[in-house]
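The following exercises concern the packing of a single protein chain.

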Amino acid sequence: MDTAPGSTFKPEIDVRLFAAARLIAGSVVVVRAADVSEVRARLSAQFGDCMARVLSVSGIWVNGEPASDSHRLATNDEVAVIPPVSGGCR
């Protein structure tokens, strides 16, 4: 398994969704992504503009810690999308 920067390895990641994101897509979505920004892009492509808006204001956590978009992902990472507590997408 190659997870070095510039690698094309994209692990299969279970993304746990909460609040508004869960209403759009369910509780868990599986994506192949090299980093957090790719998780956002794949979820937006799969679930549309409403998901993209929710993701734009959501925090992404990897293994229980806040993660930036450039955070590289590895097999067995736990990814969670945490939208703001109130609000959603119409």
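**Exercise 1.** Identify the residues through which helices α2 and α3 meet, and describe how the two helices are oriented.

*Solution.* Step 1. From α2, the residues Arg 40, Leu 43, Ser 44 and Phe 47 meet Asp 49, Met 51, Ala 52, Leu 55 and Ser 56 of α3; contact means heavy atoms within 4.5 Å. Helices (H or I, at least four residues) and strands (E, at least two) are DSSP runs, numbered from the N terminus.

Step 1. These contact residues comprise 5 nonpolar, 2 polar and 2 charged. Here Ala, Val, Leu, Ile, Met, Phe, Trp, Tyr, Cys and Pro count as nonpolar, Asp, Glu, Lys and Arg as charged, and the others, Gly among them, as polar.

Step 2. Helix α2 spans residues 36-47 and helix α3 residues 49-56; their axes are 6 Å apart and form an angle of about 150°. The axes are lines fitted to C-alpha atoms, for helices over the stretch in contact, and angles run from 0 to 180 degrees between N-to-C directions.

Step 3. The two helices, α2 and α3, are therefore roughly antiparallel, a term for angles over 145 degrees.

The model is predicted: local features need pLDDT of at least 70, side-chain atom pairs count only at pLDDT 80 or more, and totals for chains, interfaces and linings use all residues. Residues are numbered from 1 along each chain as its sequence is written, and side-chain values use heavy atoms, with hydrogens and water left out.

**Exercise 2.** Determine which residues of α3 are buried, which are exposed, and how the buried ones are arranged.

*Solution.* Step 1. Met 51, Val 54 and Leu 55 are buried in α3; buried means under 20% relative accessible area, exposed over 50%, and partly exposed in between (1.4 Å probe, protein chains only).

Step 1. Viewed down the axis of α3, the buried residues lie within an arc of 100°, so they line one face of the helix. The arc is taken over the directions from the helix axis to the C-beta atoms.

Step 2. Asp 49 and Ser 56 are exposed on the other side of α3.

Step 3. The partners of the buried residues of α3 are β1, α1, α2 and β5.

**Exercise 3.** Which residues of the largest nonpolar core touch the most other members, and which elements contribute two or more residues?

*Solution.* Step 1. This core has 20 residues, and those touching the most other members are Val 15, Leu 17, Val 31, Leu 43, Leu 73 and Val 81. A nonpolar core is a set of buried Ala, Val, Leu, Ile, Met, Phe, Trp, Tyr and Cys residues joined through side-chain atoms within 4.5 Å.

Step 1. Two or more residues come from each of β1 (12-17), α1 (19-25), β2 (28-32), α2, α3, β3 (59-62) and β5 (79-82).

Step 2. Not counting residues up to four places away in sequence, Val 15 touches Ser 27, Val 28, Val 29, Val 31, Val 39, Leu 43, Val 79 and Val 81.

**Exercise 4.** Locate Ala 19 and Asn 63, and state the phi value of each.

*Solution.* Step 1. Ala 19 belongs to helix α1, and its phi is near 50°. Its relative accessibility of 39% makes Ala 19 partly exposed.

Step 1. Asn 63 lies in the loop between β3 and β4 and has a positive phi of about 55°. With a relative accessible area of 44%, Asn 63 is also partly exposed.

Step 2. Most residues other than glycine have a negative phi.

Conventions. Parallel < 35°, antiparallel > 145°, perpendicular 65-115°, else oblique.
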